[in-house]
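Hi everyone, and thanks for making time. Today I'd like to walk you through a structure that may be new to you, so let's get it up on the screen.

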Amino acid sequence: MVRDTTDGLRRVAATQGGIYYASAPEVVGQCSIHPLPLGRQPSQYVPPYQEPYIPPQRCPQERNQLNHRAFQEGTYPITRCLFVITKEDNSLDAKAGRAYAELLLTDQGQAAIEKAGFVRLR
């Protein structure tokens with residue numbers, strides 16, 4: 001058991017053969033671990049990082065970058081979507097929720113999503 005992703009990554013780095021599951025944006029740029037390519041078929045592994053892989057010896061001067069295309073296209077087999085859930089009435093809360101959801105779909109909102117480490121929809 002670990003308390004958070006930081007603790008999980010530290011334990012994996014210190015444990016030969018260790019494995020941990022976390023969000024790709026939290027893992028891909030780390031220097032002490034190797035994110036694993038995964039696939040739906042044994043011959044079709046997709047890395048969560050942009051190739052070529054940057055080994056730990058070159059980090060932190062260089063870091064692996066997220067493979068945005070694999071997540072946008074759905075070729076990386078483990079993904080999750082971010083949902084915005086709003087009320088369906090004419091309350092102030094419902095109007096604010098719809099405005100927030102619409103903001104996230106603008107160029108400015110998509111840039112903010114990417115800056116936060118997530119993959120753009122557009």
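A word on the ground rules. This is a predicted model, so local features need pLDDT of at least 70 and side-chain atom pairs count only at pLDDT 80 or more, while totals for chains, interfaces and linings use all residues. Residues are numbered from 1 along each chain as its sequence is written, and side-chain values use heavy atoms, with hydrogens and water left out.

Let's start with helix H1, residues 5-14. Helices here are DSSP runs of H or I with at least four residues, and strands are runs of E with at least two, numbered from the N terminus. The buried residues of H1 are Thr5, Asp7, Gly8, Leu9 and Val12. By buried I mean under 20% relative accessible area; exposed is over 50%, and partly exposed is in between, with a 1.4 Å probe and protein chains only. H2 is among the elements that cover those buried residues of H1.

On to the core. In soluble globular proteins, nonpolar side chains tend to be buried together. Here the largest nonpolar core has eight residues: Ala24, Val28, Val46, Tyr49, Leu66, Ala70, Phe71 and Tyr76. A nonpolar core is a set of buried Ala, Val, Leu, Ile, Met, Phe, Trp, Tyr and Cys residues joined through side-chain atoms within 4.5 Å. Setting aside neighbours within four places in sequence, Ala70 is in contact (heavy atoms within 4.5 Å) with Val46, Pro47, Thr75 and Tyr76.

Now for the asparagine: is Asn64 buried or exposed? Asn64 is buried, because its relative accessibility is 7%. You'll find Asn64 in the loop between helix H2 (24-27) and helix H3 (68-73). A polar atom of the Asn64 side chain lies 2.8 Å from the backbone nitrogen of Ile54. Beyond four places in sequence, the residues that Asn64 touches include Val28, Tyr49 and Pro52.

Pro52 brings us to the peptide bonds. The bond from Glu51 to Pro52 is cis, with omega near 5 degrees. Another cis bond joins Cys59 and Pro60, with omega about 15 degrees. Pro52 sits in the loop between H2 and H3, and Pro60 lies in the loop between H2 and H3 too.

Finally, the surface. How many salt bridges does a search of the whole structure find? It finds five, each being a side-chain nitrogen of Lys or Arg within 4 Å of a carboxyl oxygen of Asp or Glu. One of them pairs Arg69 with Glu73 at 3.6 Å, N to O. These two are separated by about one helical turn, because they are four residues apart in helix H3. Arg69 is exposed at 59%, and Glu73 is exposed at 54%. Arg120 and Glu114 meet in a salt bridge as well, at 3.1 Å.

Methods: A polar contact is a pair of N or O atoms within 3.5 Å; within protein, one must be able to donate a hydrogen and the other to accept it, and residues adjacent in sequence count only if both atoms are side-chain atoms.
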